[in-house]
Amino acid sequence: MTTRLYYDDCYLREFRANVIETAEGGRRAYLDRTAFYPTSGGQPYDLGTLGGVAVREVIDEDDRIAHLLESPIATGEAEARIDWPRRFDHMQQHTGQHLLSAVLIELFNYPTVSFHLGAATSTIDIEAASLEPKKIERAEERCAEIAAEARPVVITYEDSSSDLGLRKESKRGGTLRIVSIAGLDRSACGGTHVRSTAEIGPILIRKLEKIRGNVRIEFVCGLRAIRQARQDFQTLSEISRLVSVPFEEAPALVAAQIEKAKTLEKAAQKLAAELARREGLELYAATAPDASGVRRVTQKGAIDDATRARAQAFVSGSKAVFLAVCENPPSVLLAASADSGVHAGDRVKAAVTAAGGRGGGNQALAQGSVPTAAALGGVVQSIGV
Ligand SMILES: [Zn+2]
């Protein structure tokens, strides 16, 4: 059984212990006692070194704690060192979670159903249908007040049978480890915590998400909150530099620019269609009729709205046939005037079906596609215009 030193001293960052057993060729070590926190209760494992070797992961095996190592170590006495910035960050986030959860009960009676401490942000799921912005502000400010009061956070061991006044009832029996924020909260928890609410630093609530009838609240505490606020400021500054207004004015300006861009896009589409129509008419005027009196053109390239508009304008003249051929994706478009003697739909359907493709249309306009560009030559020949 491994003695968990972090239970009684969350600030222990260097310790000596005996490696009493190893597995996996010395890369999985078991100690008589450890300050390494294993992943549990929503809090991730500690990193650090054991006997000078990097600890990659720490796993809770109920009675024992396994330390997964970068390279093998031997049994016997070893110096161990916890990666303190990582651990202290976890302590800030985890104690911040207790504070935020307690404040959400105190202010709105929203109980926390789960907690997850992530690499970038942490989340709690609360039993609430929604959480309005005003409530978020109140919760953040209440957390800041309690942090400023530097309330003691203490760990005690109490018998589960007595009336403990816990925020959330514990399912465990026997002796419970209870983490208390003076005058605010009592929770059964095995995690590592700071000793005063002042050490949590700022708490910032970020994204809210509705999940299975609960609200998931993303938050950051301590140094993470400062770094996040700094990053947000840089992002906003970059946006405000790009749109050349103070960032308070950026949202309204960006919204106006989006509207303007939509209007311009519509105008551009209209102009492109008009241009294509005129191109079709000019092309008709510039194309000489063949011996049978029909004007025919074949164009290569993408088949898009402009191609369709050009083709339709071309065949708006009498005795006209317009064929467009595209290699990628392999496809054709055929337009024919009513007096051309060509049924576009029939011709395209027959030609592309024979080449393993699909398509069709009416007398005046038809489109089709084939599986490969190699089949296009045969299709054009088969359409025979
Ligand atoms: Zn906790």
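The zinc ion in this predicted model has a tetrahedral site, with angles of 87 to 128° among its four donor atoms. Each of these angles falls between 85 and 135 degrees, so the site counts as tetrahedral. The protein donors are H94 (NE2), H98 (NE2), C189 (SG) and H193 (NE2), which lie 2.0 to 2.3 Å from the zinc ion. Along the chain, the donors of the zinc ion are spaced as H-x3-H-x90-C-x3-H. H98 belongs to helix α1 (residues 84–108), while H193 sits in the loop between β13 (185–188) and β14 (203–211), so this pair ties together parts that are 95 residues apart in sequence. H98 is buried, with a relative accessible area of 3%. H193 also counts as buried, at 3% relative accessibility.

| Pocket | Volume | Lining by class |
|---|---|---|
| Largest pocket | about 1,200 Å³ | 10 nonpolar, 16 polar and 10 charged residues |
| Second largest pocket | about 190 Å³ | four nonpolar, three polar and three charged residues |

The largest pocket has a volume of about 1,200 Å³. It is lined by 36 residues, of which G41, R172, A188, C189 and G190 are the closest to its centre. The elements that give two or more residues to this lining are β1 (3–4), α1, β9 (112–117), β12 (175–181) and β13. β9 gives the most, with four residues.

Technical notes: Residues numbered from 1 in each chain as written. Predicted model: local features only at pLDDT ≥ 70, side-chain atom pairs only at ≥ 80, totals over all residues. Heavy atoms only, no water. Donors = N, O, S within 2.8 Å, 3.2 Å for Na, K, Ca; no water. Tetrahedral: all angles 85-135°; square planar, octahedral: opposite > 155°, others 65-115°. Buried < 20%, exposed > 50% of the residue type's maximum accessible area, 1.4 Å probe, protein only. 1 Å grid on protein atoms, 1.4 Å probe; cavity = no way out; pocket = protein on both sides within 12 Å on 5 of 7 lines; lining within 4 Å. Points joined across faces, edges and corners; volume = space filled by probe spheres on them. Nonpolar A, V, L, I, M, F, W, Y, C, P; charged D, E, K, R; others polar.
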